[in-house]
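Have the viewer open as you read.

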Amino acid sequence: MAALTELSLLEARDLVRKGEVSAEELTAACLKRIEETEPKIGALLARRDEEALEEARAMDKNRPADLSDKPLWGVPVTVKDVLTLKGLPTTAASKILEGFCPPYDAMVVEKLKNAGAVILGKNNMDEFAMGSTTEHSAWKVTANPWDVTRVPGGSSGGSAASVAACQCFASLGSDTGGSIRQPASLCGCVGIKPTYGRVSRYGLLAYASSFDQVGPLTRTVEDAALVLQVIAGHDRRDSTSSPVPVPDYGAALHKKSDLSGLTFGLPREFFGHDGLDAGVAKACDDAVNAARSLGAKVVEVSLPHTEYAIASYYILAAAEASSNLARYDGVRYGHRTANPKNLEDMYTLSRTEGFGAEVQRRILLGSYVLSAGYYDAYYRKAAQVRRLIRQDYLNALENCDMLLAPVSPVPAWQMGHMSDDPLQMYFMDIFTLSLNLAGLPGLSIPAGMSSGLPVGVQLMGRAFDESQLFAAGDKLTRTLGTHNQHAPL
Amino acid sequence: MSLDKNDFLHLCRLSRLAPDASVQEEMAQQCSRILAYMDKLAEVDTTGVEPLYSPVIHESAFRDDVAVRRAERSDILADAPASDGAFFIVPRIVEGK
């Protein structure tokens with residue numbers, strides 16, 4: 001039998017339900033795994049080992065007879081450091097929030113707790129979710145568990161590394177331009193960016209509010225469906241969260257045994273991209289062949305404005321970031337400079353000392369594109385192009401049920417390889433960020449290996465049609481042999 | 001678009017940032033290169049296209065304006081860099097005796 005920590009979330013959860021394993025045993029197994037792997041991968045920031053064990057013990061002692069409304073009872077999970085957890089340091093991997101202990105839980109954290117999950121700690125990330133490698137954390141670098149000389153992707157790199165290394169059964173990440181799907185792909189796990197509005201952003205430290213969305217990273221598609229089931233839904237504290245009812249994802253997953261009747265669209269502009277690695281292209285081909293073998297139809301589709309997505313995204317996201325991050329001024333929480341001469345000096349020095357280089361660049365760019373004289377040429381223009389990009393997706397999804405595409409142009413790369421050139425780094429997001437511009441859902445699934453490194457593909461669907469993505473992703477991973485895989489660490 | 005030194009310092013002032021003099025030139029060049037790339041958008045004909053600022057498709061959610069106490073003052077002030085137990089304390093704003 002596989003080690004406890006290598007089980008899928010559902011398998012582990014069921015063992016606890018049946019009383020074959022206690023919540024304490026499961027939590028202790030994960031903590032032991034963290035002890036073994038953390039020195040090699042550095043996926044976690046704040047930890048709560050003792051509290052987690054105590055909670056698990058108390059859960060075993062006061063176990064309700066009916067666990068039907070506790071779908072995560074006794075399951076150890078982690079959350080990205082961009083989500084508030086009452087009483088535990090929450091920094092978004094930034095010095096500007098050093099020492100900040102939020103007085104409230106994020107809505108998604110509240111929902112995890114209500115479902116019976118045991119939260120082990122916070123995952124490392126790129127500062128304020130700005131980056132694609134987790135090298136832009138103020139605290140430490142996280143390594144890819146498949147090859148510790150390589151990056152785990154980002155910005156939810158700590159979440160992906162934790163899940164791939166079996167430190168936990170699921171982690172919550174956030175995806176503003178690919179920050180769940182890309183690290184999931186580079187670490188060989190599953191990650192979903194839900195439709196914009198599917199999950200409440202209350203307690204998610206804002207980077208770009210019209211893009212940010214919280215979602216799970218797991219080792220199986222079924223597990224991702226279960227965790228999204230728990231965290232999705234309207235929240236009166238986030239007016240952008242949607243009133244659309246949350247369907248039963250688990251039921252949808254098992255409705256059919258194959259993919260007959262479904263049509264997959266392959267976006268021409270993605271597959272024709274110059275920078276697409278041969279191993280990634282091969283994994284996509286394998287996924288397409290698997291879809292065909294399961295009875296699906298495959299057609300080519302076009303997203304004609306793809307080449308403008310990076311420019312549109314980085315203008316709009318920087319603009320929103322410059323506005324959102326204005327709140328970090330050293331007055332109410334986080335870092336304050338030591339000896340300010342006056343109030344303005346305090347704002348400026350606190351921010352300069354607190355923010356890293358990439359965050360400062362994006363704030364500066366955001367201030368630029370929003371300033372008088374440039375607003376129309378950059379900000380408004382980018383928002384117009386955003387509408388065209390969204391329309392491309394809507395048109396493509398009229399001819400198919402979902403799109404199938406690469407996630408990252410290349411598998412995980414060596415640490416330090418690209419961090420000097422911000423623009424080169426932005427180009428790595430080419431296949432993920434247009435979906436955030438459109439606000440649609442995307443599921444990254446592991447599809448195979450390239451030179452010993454995992455490669456993912458993404459399924460992108462219509463608004464609020466996560467059910468269909470889960471159903472297809474589950475069958476594809478089982479056919480491709482990537483269901484519940486983990487790093488050989 | 002290329003940023004000269006004055007443009008860059010103006011942006012820093014707007015952003016309440018003061019990067020060290022030794023990195024200013026590099027940051028200005030990086031920002032210029034990124035903005036030059038953004039100029040690519042000029043190729044797209046957007047005549048008559050309404051800007052899309054948010055992908056939200058549902059109507060604004062209205063609710064009753066009910067006052068709710070979500071946190072205690074002491075919990076919030078516990079995170080403050082400086083406080084007197086009732087207020088956040090900042091450097092003197094009004095100059096005087």
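## Chain B: surface and charges

Chain B exposes about 6900 Å² of accessible surface, and 51% of that belongs to carbon and sulfur atoms. Keep in mind that this is a predicted model, so every value here is computed from predicted coordinates. On the charge side, chain B carries 11 positive and 17 negative side chains, with the centres of the two sets 9 Å apart.

## Chain B: fold and spread

What does the secondary structure of chain B come to? There are three helices and zero strands, and reading along the sequence gives the pattern α-α-α. The radius of gyration of chain B is 23 Å, well over the 13 Å that the globule rule gives for 97 residues, so this chain is more spread out than a compact globule.

The C-alpha trace of chain B spans about 55 × 50 × 25 Å along its principal axes. Of its 97 residues, 31% count as buried. If you take the contacts in chain B with a separation of 6 or more, residues 24 or more positions apart account for 30% of them.

## Chain A: the overall picture

Over in chain A, the secondary structure comes to 17 helices and eleven strands.

In chain A, 68% of the 489 residues count as buried. Looking at contacts between residues at least 6 apart in sequence, 76% join residues at least 24 apart. The accessible surface of chain A is about 15100 Å², with 50% of it belonging to carbon and sulfur atoms. Chain A has 48 positive and 56 negative charges, and their mean positions are 4 Å apart.

As background, nonpolar side chains in soluble globular proteins tend to be buried together. Here the largest nonpolar core has 170 residues, and those with the most contacts inside it are Leu83(A), Phe128(A), Phe264(A), Tyr393(A) and Phe470(A). Which helix gives the most to this core? That's α11 of chain A (residues 309–324), with eleven residues.

Phe264(A) is a handy one to click on. Leaving out residues up to four places away in sequence, Phe264(A) touches a list of residues including Leu259(A), Ala291(A), Val299(A), Cys400(A), Met402(A), Leu459(A) and Leu476(A). There is also a second, separate core of seven residues, with Val151(A), Leu186(A), Trp413(A) and Met425(A) among them.

Helix α7 of chain A covers residues 221–231, and ten of its eleven residues are buried, so it is largely enclosed by the rest of the structure. Just after α7(A), Gly233(A) takes a positive phi of about 130 degrees.

Back in helix α11 of chain A you'll find Ser312(A). Is Ser312(A) buried or exposed? Ser312(A) counts as buried because its relative accessibility is 0%. Apart from neighbours within four places in sequence, Ser312(A) is in contact with Ala382(A), Val385(A), Arg386(A), Ile389(A) and Leu437(A), plus Leu41(B) from the other chain.

Ser155(A) lies in the loop between β3 (118–123) and α5 (157–164).

Ala93(A) has phi near 55 degrees and lies in the loop between β2 (76–80) and α4 (107–114). With 0% relative accessibility, Ala93(A) counts as buried. Asn484(A) also has phi near 55 degrees, and it lies in the segment after α17 (466–480). Its relative accessible area is 16%, which puts Asn484(A) among the buried residues, since buried means under 20%.

Definitions and conventions: Residues numbered from 1 in each chain as written. Chains lettered and ligands numbered in written order. Predicted model: local features only at pLDDT ≥ 70, side-chain atom pairs only at ≥ 80, totals over all residues. Heavy atoms only, no water. Helix = DSSP H or I, 4+ residues; strand = E, 2+ residues; numbered from the N terminus. Buried < 20%, exposed > 50% of the residue type's maximum accessible area, 1.4 Å probe, protein only. Contact = heavy atoms within 4.5 Å. Areas by Shrake-Rupley, 256 points an atom, 1.4 Å probe, with all protein chains shown as cover. Lys, Arg positive; Asp, Glu negative; His and termini not counted. Charge placed at Lys NZ, Arg CZ, Asp CG, Glu CD. Core = buried A, V, L, I, M, F, W, Y, C linked by side-chain atoms within 4.5 Å. Rg over C-alpha atoms; globule rule 2.2 N^0.38 Å.
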